[in-house]
Amino acid sequence: TIHEVLLSLTGVEATYNHAIRALSGVSLTVRTGEIVALLGANGAGKSTALKALSGLLGAERGQITAGTIVYDGEDSARRSPADLVRRGLVQVLEGRHCFRSLTVEENLIVGGLGRKAGRGELRRELDRVYSLFPRLRDKRGALSGLTSGGEQQMTAIGRALMARPRLLVLDEPSMGLAPLVVESIFAALKALNRDDGLSILVAEQNSTVALRHADRATVLENGRTVLEGAAAELRERDDVKAFYLGFG
Ligand code: ATP
């Protein structure tokens, strides 16, 4: 059902190296079938919050010190990233991280390796990714490192899709990309949400684009949730934009 809570963070606090407090009270909810935008200025804590909920904080010498994270009905604050991926929580990291010396298609296939999928199934999923991002079909034999930033972002998203996520988490997919490319990436996310019912949590500094495509948004400031609401409402509120989102 659409209202079922898929992910919830409540009062999450986190520090790096036992010293730097990066999160001091993050709460957010993603229900099945929703697109939720996580907004905030540079350094507000968006990436840290995403790493915390994907089990990736430890890899950066970070630690959750308070609060709860529940994914799919289970406490997941101390789960490994691999375990969460198997349960359908898959993150596309900031900065894309393609394997530069592998081809586009090889990068996509890597995303499906953790599953017990037959050849036919992998093939069908590759085709799904290619129909979503036709540019990747054209570039499937090219080395990823030689493709454009937009193509690398599409490859990173496609690779995450090959793991068959139920919740796709993205960290700043618009970063460094031209407006038209950003638009096509968000259009693809919208299509995945509409056609496949994929739930999506997307951190963005580009609040205009994110609010246009999201159902709801959560705003972070200095490591804590300061605002939460329907995207349509936040879009209308100029004070919100000017104050929290850095433009007005
Ligand atoms: P950005 O858009 O720049 O990624 P953000 O909203 O995602 O910003 P975070 O990257 O989560 O913010 O950063 C939150 C705070 O944690 C910042 O003060 C940052 O300097 C600090 N921080 C982030 N990563 C680390 C790390 N690996 N080690 C120590 N401090 C970190």
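This is a predicted model: local features need pLDDT of at least 70, side-chain atom pairs count only at pLDDT 80 or more; totals for chains, interfaces and linings use all residues.
**Stop 1: the ligand**

Select the ligand and the residues around it. The shell holds 15 residues, and Asn-42, Gly-43, Gly-45, Ser-47 and Thr-48 come nearest. Colour the shell by residue class: five are nonpolar, six polar and four charged.

Now show secondary structure. Strand β2 (20–31) and helix α1 (46–54) each supply at least two residues of the shell. Which element gives the largest share of the shell? It is α1, with three residues.

Next, draw distances from the ligand's polar atoms.

- Pick Lys-46: a polar backbone atom of this residue is 2.9 Å from an oxygen atom of the ligand.
- Pick Ala-44: here a polar backbone atom is 3.1 Å from a ligand oxygen.
- Pick Tyr-16: an N or O atom in its side chain lies 3.4 Å from a nitrogen atom of the ligand.

On its own the ligand has 620 Å² of accessible area, and the protein covers 69% of that.

**Stop 2**

In soluble globular proteins, nonpolar side chains tend to be buried together. The largest nonpolar core in this model has 44 residues. Select Phe-133, Ile-157, Leu-161, Leu-168, Leu-170 and Ile-200, the residues with the most contacts inside this core.

Zoom in on Leu-161. Leaving aside residues up to four places away in sequence, Leu-161 touches Val-129, Leu-132, Leu-168, Leu-192 and Leu-198. A second core is separate and has 30 residues. Select Ala-44, Leu-57, Ile-64 and Ala-203 to find part of that second core.

**Stop 3: Asn-107**

Select Asn-107 in helix α3 (residues 104–112). Is this residue buried or exposed? Asn-107 has a relative accessible area of 0%, so it counts as buried.

Show its polar partners. The side chain of Asn-107 makes a polar contact with the side chain of Arg-159, at 3.4 Å. A polar atom of the Asn-107 side chain also lies 3.5 Å from the backbone oxygen of Leu-102. Beyond four places in sequence, Asn-107 touches Cys-98, Phe-99, Leu-102, Ser-144, Thr-155 and Arg-159.

**Stop 4: Ile-20**

Go to Ile-20 in strand β2. With a relative accessible area of 52%, Ile-20 is exposed, because the cut-off for exposed is over 50%. Ile-20 touches Ala-14 and Thr-15, not counting residues up to four places away in sequence.

The C-alpha atoms of Ile-20 and Gly-141 are 43 Å apart, and the two residues are 121 apart in sequence.

**Stop 5**

Finish with backbone torsions. Most residues other than glycine have a negative phi. Which phi does Arg-61 have? Its phi is positive, about 60°, although Arg-61 is not a glycine. Look for Arg-61 in the loop between α1 and β4 (62–71). Arg-61 is exposed, with a relative accessible area of 59%.

Then select Glu-172, in the loop between β7 (167–171) and α7. Phi of Glu-172 is also positive, near 50°. At 6% relative accessibility, Glu-172 is buried, because the cut-off for buried is under 20%.

Methods: Residues are numbered from 1 along each chain as its sequence is written. Side-chain values use heavy atoms; hydrogens and water are left out. A nonpolar core is a set of buried Ala, Val, Leu, Ile, Met, Phe, Trp, Tyr and Cys residues joined through side-chain atoms within 4.5 Å. Buried means under 20% relative accessible area, exposed over 50%, partly exposed in between (1.4 Å probe, protein chains only). Contact means heavy atoms within 4.5 Å. A residue is near a molecule or strand if one of its heavy atoms lies within 4 Å of it. A polar contact is a pair of N or O atoms within 3.5 Å; within protein, one must be able to donate a hydrogen and the other to accept it, and residues adjacent in sequence count only if both atoms are side-chain atoms. Accessible areas come from the Shrake-Rupley method with a 1.4 Å probe; for residues, only the protein chains shown count as cover. Helices (H or I, at least four residues) and strands (E, at least two) are DSSP runs, numbered from the N terminus. Ala, Val, Leu, Ile, Met, Phe, Trp, Tyr, Cys and Pro count as nonpolar, Asp, Glu, Lys and Arg as charged, and the others, Gly among them, as polar.
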